[in-house]
Amino acid sequence: MSKENFETLKGTIEAIEPADTKIPNMPVDVYVQEASDLQEWSQEDQAQLVEVGVPQAYFDEMENRIGALRYTQSVWNKDQYTKEEAQREWDELSPKAYDLKNEIEHAFRFAFRKRPDLLNKVQGIEQGTSNADLVQDLSDLAALGQANLPLLTAINFDEAKLDQASSEASNLSVLLAKANGERKEDSSPKITRDKAYTYLKQAVDEIYEAGKYLFWKDDAKRKGYYSQYLN
């Protein structure tokens, strides 16, 4: 149902400008529950709240706004989990990839010892220590080795290691892209989640303020128009 709620409001939510998008200031699951509580609490006061300026559309859309945020939060959580899994897999596989890289470079330095031009290429590949460098280095070493197989055969180098380097470069590239995505604050699922939060917050804030205004002398009524988490 939450997905249907989101689809109903998708166009409006995605049209929210970045400058107007708010970042949640509390756990989203808590915010969703408080919005649901407010929806229930304000039902019998709806007519009065509308009379003091709360748009009727806020009440009509509240269920969809709540569901949209719940759905987009779930999508973002799933996206985060995928990236965290990729990071764990990277942490497990990358040390072996570094070992393979070092082994191939060691063999190349010996095999190409009489070829300064090729040694320069190996030295160029060795520069850089980032994760992205590892992926590129494996790919470059595989290509350089395939282009100079006779020199490698002469030292009894295992050609299968070149295929392994090429395969690991491809696999690690995918993992790194997923793992890096976790650190990007502008990821698409997060942007959509923040916009859905902004759209719900627009209604929640208005109802809160109107309720405080209406029931300023009624403590029992007014207590339902505050965030319990933030107060």
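**Entry 1: the Glu-44 network**

I looked up the charged group at Glu-44 and found Glu-44, Asp-45 and Lys-221 linked in a network of salt bridges. I take a salt bridge as a side-chain nitrogen of Lys or Arg within 4 Å of a carboxyl oxygen of Asp or Glu. The model is predicted, so that local features need pLDDT of at least 70 and side-chain atom pairs count only at pLDDT 80 or more, while totals for chains, interfaces and linings use all residues. Residues are numbered from 1 along each chain as its sequence is written, and side-chain values use heavy atoms, with hydrogens and water left out.

Glu-44 and Lys-221 meet through their side chains at 2.6 Å, N to O. I note that this pair links distant parts of the chain, 177 residues apart: Glu-44 is in the loop between α2 and α3 (46–51), and Lys-221 is in helix α10 (residues 219–222). Helices here are DSSP runs (H or I, at least four residues), numbered from the N terminus. Glu-44 counts as exposed at 65% relative accessibility, whereas Lys-221 is buried at 17%. The classes are buried under 20% relative accessible area, exposed over 50% and partly exposed in between (1.4 Å probe, protein chains only).

**Entry 2: other salt bridges**

I recorded a count of 14 salt bridges. One joins the side chains of Glu-103 and Lys-161 at 3.2 Å, N to O. Glu-103 lies in helix α4 and Lys-161 in helix α8 (residues 160–181), so this pair ties together parts 58 residues apart in sequence. Glu-103 is partly exposed, with a relative accessible area of 38%.

I also looked up Asp-117 and Arg-115, whose side chains meet in a salt bridge at 2.8 Å, N to O. Asp-117 is partly exposed at 40%, and Arg-115 is partly exposed at 34%.

**Entry 3: nonpolar cores**

I define a nonpolar core as a set of buried Ala, Val, Leu, Ile, Met, Phe, Trp, Tyr and Cys residues joined through side-chain atoms within 4.5 Å. The largest has 29 residues, and Leu-69, Leu-200 and Ile-207 have the most contacts inside it. The elements giving two or more residues to this core are α1, α2 (28–41), α4 and α9 (188–214). Helix α9 gives the most, with 9 residues.

I then checked Leu-69, leaving aside its neighbours within four places in sequence. Its contacts (heavy atoms within 4.5 Å) include Val-28, Tyr-31, Arg-193 and Leu-200.

A second, separate core of 27 residues includes Phe-112, Leu-118, Val-122 and Leu-152.
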